[in-house]
Amino acid sequence: MLYNAFEHMNKLLLYTKLTLLMILSVNIEAADIAKGKEKSAACVACHGQEGVSPSPIWPNLAGQHAGYLSKQLHEFKKGASGNRNNSIMYGISLTLSDDDISDLSEYYASLQGSIGTTADKYLLLGQNVYRGGNMEYKIQACMACHGPTGQGNAPANIPSLSGQHADYLYTQLKNFQSQTRSNDPNKMMRNIVDRMTDDELKAVSQYIQGLY
């Protein structure tokens, strides 16, 4: 009986290892950068040939964390019932399978991020808000989550912001402020921007655009 118990345990351990290997192999196969590049042809008009948007109203995707990109596409796919409703992205995301989303996310994450500049008139205020927040109004420093150079935190799904278009960033901050966008866990962004002035929103957006 003791022998059978050990034999059963060994078989169980072997089965567990094989299952884990299968899961890992599926995850590796699920994200194919080459396929992602092919599929990105439909994204070029707005997000650029190499993930750097030619228009400041659309986001740069190059260098963004794959997990964050995947999360956004899945949320766009929910449409009006989700927390990030955008009619254009809703229509596009509906055509994407889970594999498509994984491939595209990995492809854009593999690209070199862009480098922007900060307008001089916004530099001081933007730097103060990003690096120090505003303690008087209990506004947390942006770099506490997004890092001193705006690289974000991939495991925590906190996006990279460095080099992102200031116009796009400002629009998203205003969307959080108006509750139009509400896909921030624990209302983190909404609670912060609710206490920020319009000048602070513009300045910090400009400052982030110049980070690298």
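Which side chains meet in a salt bridge of 3.2 Å, N to O? The first view has the answer.

**View 1. Asp 198 and Lys 174 pair up through their side chains.** This is a predicted model, where local features need pLDDT of at least 70, side-chain atom pairs count only at pLDDT 80 or more, and totals for chains, interfaces and linings use all residues. Residues are numbered from 1 along each chain as its sequence is written, and side-chain values use heavy atoms, with hydrogens and water left out. Asp 198 and Lys 174 form a salt bridge at 3.2 Å, N to O (a side-chain nitrogen of Lys or Arg within 4 Å of a carboxyl oxygen of Asp or Glu). The two are 24 residues apart and tie together distant parts of the chain, with Asp 198 in helix H11 (residues 198-209) and Lys 174 in helix H9 (residues 166-177). Helices here are DSSP runs of H or I with at least four residues, strands are E runs of at least two, and both are numbered from the N terminus. Asp 198 is partly exposed at 30% relative accessible area, and Lys 174 is partly exposed at 29%. For these classes, buried is under 20% relative accessible area, exposed is over 50%, and partly exposed is in between, using a 1.4 Å probe and protein chains only.

**View 2. Lys 39, Asp 100 and Asp 103 sit in one salt-bridge network, joined through shared partners.** Zoom in on Asp 103 and Lys 39, and you get a salt bridge at 2.6 Å, N to O. Asp 103 belongs to helix H6 (residues 98-109) and Lys 39 to helix H2 (residues 33-39), so to speak a link between distant parts of the chain, 64 residues apart. Asp 103 is buried, at 2% relative accessible area, whereas Lys 39 is partly exposed at 29%.

View 3. Glu 75 is buried at 12% relative accessible area, while Lys 71 is partly exposed at 24%. The count of salt bridges comes to six.

**View 4. His 65 is found in the loop between helices H3 and H4.** At 18% relative accessibility, His 65 counts as buried. Leaving out residues up to four places away in sequence, His 65 touches, among others, Ala 109, Gln 151, Gly 152, Asn 153 and Ser 160 (a contact means heavy atoms within 4.5 Å).

**View 5. The second largest pocket holds about 240 Å³ of space.** Among its 15 lining residues, Ala 62, Gly 113, Ser 114, Ser 160 and Ser 162 are the closest to the centre. The lining has four nonpolar, eleven polar and no charged residues. On a 1 Å grid over the protein atoms alone, a pocket is an open set of points where a 1.4 Å probe fits, with protein on both sides within 12 Å along at least five of seven lines; lining residues have an atom within 4 Å of a point.

**View 6. Zooming back out, the chain has eleven helices and zero strands.** Of its 212 residues, 39% count as buried. Among contacts with a separation of 6 or more, 65% come from residues 24 or more positions apart.

Notes: Points joined across faces, edges and corners; volume = space filled by probe spheres on them. Nonpolar A, V, L, I, M, F, W, Y, C, P; charged D, E, K, R; others polar.
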